[in-house]
Amino acid sequence: MKLRSTAVTRANSASLPMEDRVDFKYDGVNDGQERKGGHGIPKVSMIPLVFLIFYEVSGGPFGIEDSVKAAGPLLAIVGFLLFALIWSVPEALITAEMGTMFPENGGYVVWVSSALGPFWGFQQGWAKWLSGVIDNALYPVLFLDYVKSSVPALSGGLPRTFAVLVLTVALTYMNYRGLTIVGWVAVFLGVFSLLPFFVMGLIAIPQIEPSRWFEMDLDNVNWGLYLNTLFWNLNYWDSISTLAGEVENPKRTLPRALSYALVLVVGGYLYPLITCTAALPVVRESWTDGYFSDVAKILGGFWLHSWIQAAAALSNMGNFVTEMSSDSYQLLGMAERGMLPEFFAKRSRHGTPLIGILFSACGVVLLSWMSFQEIIAAENYLYCFGMILEFIAFIKLRMTHPSTSRPYRIPLGTVGAVVMIIPPTILIVIVMALASFKVMAVSILAVFAGFVLQPGLVYVEKKRWLRFSVREDLPDLPDSSPVAAEDDSTPLVV
């Protein structure tokens, strides 16, 4: 991989006239139909990409039971529909537009850097990487929670700690072997995880009583649990952007894969909710994490119960390997933009980001002591901080660089784009306000650590203690200064 000095890159960008800094093209960078990257490793095609997005966001309806416990069947069903419209759809659309505008592994870090400068781009990367690693620390623990009924020794103590380490090492090795392997493993696990719910829904149809869908008690709603459950199960659509450099023809593939994954995720939630809440009397206290396996036992017997438990356990493994891929390629993308030392851009012989994978794995091990509730709250808070920066970057680039190439463009003008992000912004404010003082304090300290870390890395580069460089075939990022341009409300054909 050819690299150029970050100092030369900044000097060249600063010396360009404004008109040359406005529009930039990724000539030779993921523009064609190439099936292999510059490192000779096959790129990710449509079907694996859909399931990588599926596992970045969802992994199946495991964990959505708490929405019924918190608010009853009607609000649970309506909530997943409404949240998909006001949160998932805007986030997926922004990812499609920005991901095709910047088809490289830096993903959302590059978006924010282009709009707000390298300091805020680094803060975006820091907050998102922390959020992803915190999220990933959850999955080995959840896997063990599903199997401890069969292996009681894994309930705690040294055996459980050792099992977490073994799982982390084994799944980290899978990431090391290649993203295409991770993608096809995600396909297998996705089909295996969704199929038992399809079967359970068919068995439930003859027993459905529609009146059960309309059960609601507004005086007995746990709004905190309700909103956090919906938010956690419908976010992270932008995570796939950090893999854009590994995707076959991302300018065409990425928007389509996002749309297919959106249908798969939302359908995967609504189908079991609609069928199962109407097939049995709803006892809200019973609808806790893992209750779908109990419903399966009532409706189909022990074989279906065992299938769903196995699917739940393996689905956590799918979540882990896809999240680690996103986190590690993000670090590689930041290094290719000169935001991290050059050694983060080093690839293994399998084309994978070796140092990024090791850093992400260490983060998972260090954070695996946190409780489930602390993990969800902390990752949501940091994730919200990153999403605020993304929304600002999206709107600013629409205003300052409307004529820059966007192979996919959301069919809205600037005013429409602002209106589109108002509901999810309100949701972000609500989720952050619901955080406990402890979570809020720890998360703010983590954010401020990024404020110190970025100038520190700039100082390290200035002193030449570590080498920083920019990948040679990446274009200079556009200047963030506003320019006059024509109306951009006409969408481009995907």
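These legends accompany close-up views of a predicted model.

**View 1. Alanine 92 in helix H4.** Let us start with alanine 92, a residue of helix H4, which spans residues 65-101. Its relative accessibility is 8%, so alanine 92 counts as buried, the limit being under 20%. Which residues does alanine 92 touch, once its neighbours within four places in sequence are left aside? The contacts are Trp237 and Leu258.

**View 2. The largest nonpolar core.** In soluble globular proteins, nonpolar side chains tend to be buried together. The largest nonpolar core of this model has 144 residues. Those with the most contacts inside this core are Ile53, Ile94, Met200, Trp237 and Phe394, which make handy landmarks for finding your way around. Which helix gives the most to the core? The answer is H4, with 15 residues.

**View 3. Isoleucine 53 and its partners.** Here we stay with isoleucine 53, listed among the core residues with the most contacts. Leaving aside neighbours within four places in sequence, isoleucine 53 is in contact with Trp237, Ile240, Ala257, Leu258 and Ala261.

**View 4. The salt bridge between glutamate 104 and arginine 337.** The whole structure holds 10 salt bridges, and this view shows the one that joins glutamate 104 to arginine 337, with 2.8 Å between the closest N and O atoms. Glutamate 104 sits in the loop between H4 and helix H5 (108-116), and arginine 337 in the loop between helix H13 (302-336) and helix H14 (354-367), so the bridge ties together parts that are 233 residues apart in sequence. Are the two partners buried or exposed? Both glutamate 104 and arginine 337 are buried.

**View 5. The salt bridge between lysine 128 and aspartate 238.** In this pair, the side chains meet at an N to O distance of 2.5 Å. Lysine 128 belongs to helix H6 (residues 118-136), while aspartate 238 is in the loop between helix H10 (223-233) and helix H11 (250-279); the pair therefore ties together parts that are 110 residues apart in sequence. Lysine 128 is buried, with a relative accessible area of 4%. Aspartate 238 is buried as well, and its relative accessible area is 0%.

**View 6. Further salt bridges.** Glutamate 209 and arginine 212 form a salt bridge whose closest N and O atoms are 3.4 Å apart. Glutamate 209 is partly exposed, with a relative accessible area of 40%, whereas arginine 212, at 12% relative accessibility, counts as buried. Elsewhere, Glu97, Arg398 and Arg406 are linked in a network of salt bridges.

**View 7. Helix H5 and the glycine that follows.** Eight of the nine residues of H5 are buried, so this helix is largely enclosed by the rest of the structure. The buried residues are Tyr108, Val109, Val110, Trp111, Val112, Ser113, Ser114 and Ala115. After H5 comes glycine 117, which has a positive phi near 100 degrees.

View 8. Tyrosine 236 is not a glycine, yet its phi is positive, at about 75 degrees. This residue is placed in the loop between H10 and H11, and it is buried, with a relative accessible area of 4%. Arginine 464 also has a positive phi, near 60 degrees. Arginine 464 lies in the loop between helix H17 (437-462) and strand E2 (469-471). Is arginine 464 buried or exposed? With 75% relative accessibility, arginine 464 counts as exposed.

**View 9. The largest cavity.** Rolling a probe the size of a water molecule over the atoms shows where empty space is left. Three cavities of 30 Å³ or more are counted in the model, and the largest has a volume of about 50 Å³. Its lining is made up of 11 residues, with Ile41, Pro42, Leu179, Glu246 and Tyr329 lying nearest the centre. By class, the lining has five nonpolar, five polar and one charged residues.

Conventions:
Residues are numbered from 1 along each chain as its sequence is written. This is a predicted model: local features need pLDDT of at least 70, side-chain atom pairs count only at pLDDT 80 or more; totals for chains, interfaces and linings use all residues. Side-chain values use heavy atoms; hydrogens and water are left out. Helices (H or I, at least four residues) and strands (E, at least two) are DSSP runs, numbered from the N terminus. Buried means under 20% relative accessible area, exposed over 50%, partly exposed in between (1.4 Å probe, protein chains only). Contact means heavy atoms within 4.5 Å. A salt bridge is a side-chain nitrogen of Lys or Arg within 4 Å of a carboxyl oxygen of Asp or Glu. A nonpolar core is a set of buried Ala, Val, Leu, Ile, Met, Phe, Trp, Tyr and Cys residues joined through side-chain atoms within 4.5 Å. On a 1 Å grid over the protein atoms alone, a cavity is a set of points where a 1.4 Å probe fits but cannot get out, and a pocket is an open set with protein on both sides within 12 Å along at least five of seven lines; lining residues have an atom within 4 Å of a point. Grid points are joined across faces, edges and corners, and a volume is the space filled by probe spheres set on the points. Ala, Val, Leu, Ile, Met, Phe, Trp, Tyr, Cys and Pro count as nonpolar, Asp, Glu, Lys and Arg as charged, and the others, Gly among them, as polar.
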